[in-house]
Amino acid sequence: MKIRKQKTAVITGVTGQDGAYLAKFLIEKGYKVYGTYRRLSTPNFWRLQSLGIQDQVDLIPFDLLDQSSISGLFKKAKPDEFYNLAAQSFVGASFDQPIGAGEITGLGTTRIIDTLSTLSPHTKFYQASSSEMYGKVQEIPQTETTPFYPRSPYAAAKVYAHWITVNYREAYDIFACCGILFNHESEMRGLEFVTRKITNAAARIKLGLQKKLVLGNVESKRDWGYAVDYVKAMWKIIQQSKPDDYVVATGETHSVREFARLAFEEVDLNYEDYIVTDKVFMRPAEVDILIGDPSKAKEQLKWEPTVGFKELIKIMVQADLTNWKKILDGKLIPWDAMHYYDTEKPLSLHYEADR
Ligand code: NAP
Ligand code: F7E
């Protein structure tokens, strides 16, 4: 009888939105999953707990800034597949901490792939590239061959990480791939990203917990999909016979304003009565429009999004509404409720006028 060896995967950034969903997906496929986390003063495992998988992920302390934790990770996990999802992923914050963006999101990738090439060259590598790399778009829609024009320190760092991945593939014959993922959201999206900020506020306003929602540029357009669909594409990318790069997108674009209108409609409110704009949330350089062409992913990966724009908004608003009701009823313990805060008050004053 042939016994099939259990596959092993490492996910950096398993505490983030994509990391948690990918871990769940791989566990369901029978993988042994190692997930990395940073030691923080307040533990940040709420996504893994919400998905009921915290006990099934082997958690390893790790920081992209720390070379020794990277080599330790390879020695401990001996992975067949390595998904590099860790990054400082908030574009706005990268304007405040541009050097950190380069160190973590850019050089961090080189640290990993260089270690992989020497310690574990058979390991298949996935890099979380981003549609932000297209920035000031040179072509509509954007494909795998559209030139990059980054508009933030985050995007510039991702371009570097993308090309270093391609370079190691070409130079050292590593099975290294990049998924150029367009925005993907969910009920577990971080609260500072605009979609979740809006759905959380719509729920809170409906329940009388908040009066206004302060946003920045509501005219920018994004190609928004559902994160659960997108982690499946990551896995499919790494299962191909040859390493390659793929755009993962819905092929539709919508404005922040449109997102807000539909989110407030979901709770029978008119967004115009509640939204105010403030330059504190405007970026020094904006990405006006993103729309991806997922034809290659459709053809070669047989991947397609299953959740459309309106359904995505409904899922997110309803989840926030349910959670806030539970908090009000005392059914969500404070630990679960911790990731909810009042989005009327900016968390930090990014992009203040002193620049
Ligand atoms: P996320 O929720 O912000 O998660 C980022 C993860 O990276 C978190 O686990 C975070 O840990 C970890 N991390 C941050 N700095 C680190 C460091 N110095 N060392 C080790 N880990 C660190 O992001 P996401 O939405 O899941 O995105 C996953 C990846 O895809 C990111 O690389 C992002 O840039 C990229 N991406 C995202 C999208 C999107 O629309 N979601 C689109 C394209 C590409 P903590 O929990 O401790 O903060
Ligand atoms: O902004 C505008 C903002 O922060 C979307 C990350 O996952 O996707 C994400 O990056 C748009 C921008 O996402 C507010 O100016 C208006 O035009 O939700 P966001 P992002 O910058 O597109 C890409 C693909 C990634 O790779 C990133 O990791 O919304 N906007 N008002 C606002 N944005 C925020 N955050 N807050 C506002 O109040």
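**View 1. The shell around ligand 2 in this predicted model.** Ligand 2 is surrounded by 23 residues. The closest are Ser-130, Tyr-154, Ser-220, Arg-283 and Glu-286. By type, the shell splits into 9 nonpolar, 7 polar and 7 charged residues.

**View 2. Polar side chains at ligand 2.** On its own, ligand 2 has 700 Å² of accessible area, and the protein covers 96% of it.

**View 3. Where the shell around ligand 2 comes from.** Helix H7 spans residues 194-206, and strand S8 spans 213-215. Each gives at least two residues to the shell. Two domains contribute as well: domain 1 (8-184 + 224-248) and domain 2 (190-223 + 253-288 + 308-351). Each of these domains supplies at least three shell residues.

**View 4. The two sides of strand S11.** Strand S11 covers residues 245-248. Which of its residues point one way, and which the other? Asp-245 and Val-247 point one way. Tyr-246 and Val-248 point the other way. Are these four side chains' residues buried or exposed? All are buried, with under 20% relative accessible area as the cut-off.

**View 5. Strand S11 beside strand S6.** Strand S6 runs over residues 176-181. S6 and S11 pair in the parallel sense, over 4 bridges. Look for Leu-181: it stands opposite Val-248 in S11.

Notes:
Residues are numbered from 1 along each chain as its sequence is written. Chains are lettered from A and ligands numbered from 1 in the order in which they are written. This is a predicted model: local features need pLDDT of at least 70, side-chain atom pairs count only at pLDDT 80 or more; totals for chains, interfaces and linings use all residues. Side-chain values use heavy atoms; hydrogens and water are left out. Buried means under 20% relative accessible area, exposed over 50%, partly exposed in between (1.4 Å probe, protein chains only). Two strands pair if DSSP finds at least two bridges between them. A residue is near a molecule or strand if one of its heavy atoms lies within 4 Å of it. A polar contact is a pair of N or O atoms within 3.5 Å; within protein, one must be able to donate a hydrogen and the other to accept it, and residues adjacent in sequence count only if both atoms are side-chain atoms. Accessible areas come from the Shrake-Rupley method with a 1.4 Å probe; for residues, only the protein chains shown count as cover. Ala, Val, Leu, Ile, Met, Phe, Trp, Tyr, Cys and Pro count as nonpolar, Asp, Glu, Lys and Arg as charged, and the others, Gly among them, as polar. Domain bounds come from an automatic or database domain assignment.
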